[in-house]
Amino acid sequence: MRIALLGAPGSGKGTQALMLQKRLGLIHISTGDIFRASVKSQSVLGEKAKTYMDQGELIPDPIVVELVIERLQKLDCQKGYILDGFPRTKTQAEALEDTEFGVEIVLCLDVPDEELVKRLTGRQTCLTCGHLYHMTSSAPKQAGVCDQCQGLLKIRDDDLPDVVKKRLEVYKRLTLPVVTFYREKKKLIDINGHQEIDQIFHEILQELTREQLK
Ligand code: AP5
Ligand code: MG
């Protein structure tokens with residue numbers, strides 16, 4: 001199955017993608033995670049990406065498209081994939097559609113803006129395994145330490161209030177057209193992302209089963 005998760009910053013794409021990866025055994029490709037790893041390793045790509053990410057802007061399409069298409073050509077994606085954070089412009093969506101491994105199902109997580117801001121400003125991520133926490137809704141047992149692997153938890157550089165505001169604005173301007181694009185192609189499934197994490201996951205699995213039975 002070739003799946004893409006769409007939704008605003010903080011809508012739960014990463015949270016659901018990790019759960020789906022475990023359940024379905026598919027490769028999880030998060031462009032945000034790839035760019036954050038490049039920033040950490042101080043690569044040329046990372047240096048370029050950082051200037052955009054810190055301002056809540058998108059990295060230019062040619063860079064992202066080349067990176068993702070190259071990744072999807074690898075053997076481990078032959079069974080399918082879970083894309084998280086790509087495509088997020090119409091140009092990216094069209095480039096993906098032009099390949100022989102275009103997306104089959106697009107899950108769109110819908111969450112009100114006030115809730116998105118609450119989620120992003122309380123998020124913490126494990127530096128070692130990437131597990132996601134929230135200071136109030138899913139806090140770790142010990143502050144600052146991952147329950148799963150004892151790794152250290154970190155607040156993302158782009159979760160500062162001003163950058164969050166910009167990311168939400170960029171989502172509406174550049175990514176909402178992607179929602180329309182896939183809706184017109186009848187590949188889009190709307191998911192109510194304003195529920196408990198497990199309830200959302202349950203809804204997603206139900207929708208995927210329904211699609212497979214078609
Ligand atoms: P990216 O890393 O993709 O960030 P994003 O789209 O802004 O989304 P987030 O990762 O912030 O949120 P999420 O939806 O994954 O939510 P999460 O599960 O973490 O991109 C970052 C940057 O990289 C971009 O700004 C851009 O610069 C660049 N970039 C990446 N891809 C690009 C592309 N294709 N083109 C160009 N540039 C690109 O959840 C958030 C929090 O809420 C967590 O604390 C979680 O525990 C909590 N939570 C989750 N679900 C629930 C729930 N149901 N109830 C309560 N809390 C919940
Ligand atoms: Mg994410």
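Phe181 is buried, its relative accessible area being 11%, where buried means under 20% relative accessible area, exposed over 50% and partly exposed in between, with a 1.4 Å probe and protein chains only. The model is predicted, so that local features need pLDDT of at least 70 and side-chain atom pairs count only at pLDDT 80 or more, while totals for chains, interfaces and linings use all residues. Residues are numbered from 1 along each chain as its sequence is written, chains are lettered from A and ligands numbered from 1 in the order in which they are written, and side-chain values use heavy atoms, without hydrogens and water.

A search of the whole structure finds one aromatic pair. The rings of Phe181 and Tyr182 have centres 5.0 Å apart and planes at 85 degrees, so the pair is edge-to-face (ring centres of Phe, Tyr and Trp, the last by its six-membered ring, within 6.5 Å; planes under 30 degrees apart are stacked, over 60 edge-to-face, the rest tilted).

| Residue | Relative accessible area | State |
|---|---|---|
| Phe181 | 11% | buried |
| Tyr182 | 0% | buried |

Buried residues make up 46% of the 214 residues in the protein. Along its principal axes the C-alpha trace spans about 45 × 40 × 35 Å.
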